[in-house]
Amino acid sequence: MQGFTTPLGKRVCNVLRFLFPVPKDDSKRVMTFANQSDYISFRHHTYDQPRGSKSLTLKEVGPRFEMRVFQIKLGTLEQQEAETEWALRPYMRSGKKRKL
């Protein structure tokens with residue numbers, strides 16, 4: 001997890017963290033979630049350490065995609081009337097971006 005420093009970022013980090021099971025001790029897989037400009041990049045890697053070497057080799061194996069948080073709802077999927085915790089507003093706080 002990289003770049004999830006705001007309170008909303010920490011909440012999204014917790015949501016993404018609990019999507020995957022706890023890794024086993026001998027697991028050699030790494031999932032990377034990197035937040036940059038409100039887009040979350042996902043990468044899936046495996047690593048290997050050659051014998052007698054101190055360095056690791058990282059190999060990208062799985063899907064690669066980018067996503068953006070649209071909405072966070074409190075509750076489970078079965079609840080029809082779940083309260084919306086956060087929703088994307090496309091023109092929210094756009095004054096700073098206009099200067100760029």
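These are my notebook entries on a few spots I looked up in this structure.

**Ground rules**

I'm working with a predicted model, in which local features need pLDDT of at least 70, side-chain atom pairs count only at pLDDT 80 or more, and totals for chains, interfaces and linings use all residues. Residues are numbered from 1 along each chain as its sequence is written, and side-chain values use heavy atoms, with hydrogens and water left out.

**Helix α1**

I started with α1, residues 7-17. Which residues of α1 are buried? I found Gly9, Val12, Cys13 and Leu16. Buried here means under 20% relative accessible area, exposed over 50%, and partly exposed in between, with a 1.4 Å probe and protein chains only. Looking down the axis of α1, I see its buried residues within an arc of 105°, so they line one face of the helix. That arc is taken from the directions from the helix axis to the C-beta atoms. On the face of α1 turned away from the buried side I found the exposed Pro7 and Lys10. The cover over the buried residues of α1 includes β1, β2 (39-48), β4 (65-67) and β5 (71-73).

**The core**

Next I listed the largest nonpolar core, which has 8 residues: Phe4, Val12, Cys13, Leu16, Phe33, Ile40, Phe42 and Ile72. Such a core is a set of buried Ala, Val, Leu, Ile, Met, Phe, Trp, Tyr and Cys residues joined through side-chain atoms within 4.5 Å. α1 and β2 each supply at least two residues of this core, and the largest share, 3 residues, comes from α1.

I checked the contacts of Ile40 (contact means heavy atoms within 4.5 Å). Leaving aside neighbours within four places in sequence, Ile40 is in contact with residues including Phe4, Val12, Leu16, Phe33 and Phe65.

Phe42 is in strand β2 and is buried, at a relative accessible area of 6%. Not counting residues up to four places away in sequence, Phe42 touches Phe20, Met31, Thr32, Phe33, Pro63, Arg64 and Phe65.

**His45**

I also looked at His45, in strand β2. Buried or exposed? His45 is buried, with a relative accessible area of 13%.

Phi of Ser37 is near 55°, a positive value in a residue other than glycine. Asp38 has a positive phi of about 70° and is not a glycine either. I have Ser37 down as exposed at 64% relative accessible area and Asp38 as partly exposed at 44%.

**A pocket**

Last, I looked up the second largest pocket, with a volume of about 400 Å³. On a 1 Å grid over the protein atoms alone, where a 1.4 Å probe fits, a pocket is an open set of points with protein on both sides within 12 Å along at least five of seven lines, and lining residues have an atom within 4 Å of a point. Grid points are joined across faces, edges and corners, and the volume is the space filled by probe spheres set on them. Of the 13 lining residues, Phe20, Pro21, Pro23, Arg29 and Met31 lie nearest the centre of this pocket. The largest share of the lining, 4 residues, comes from β1.
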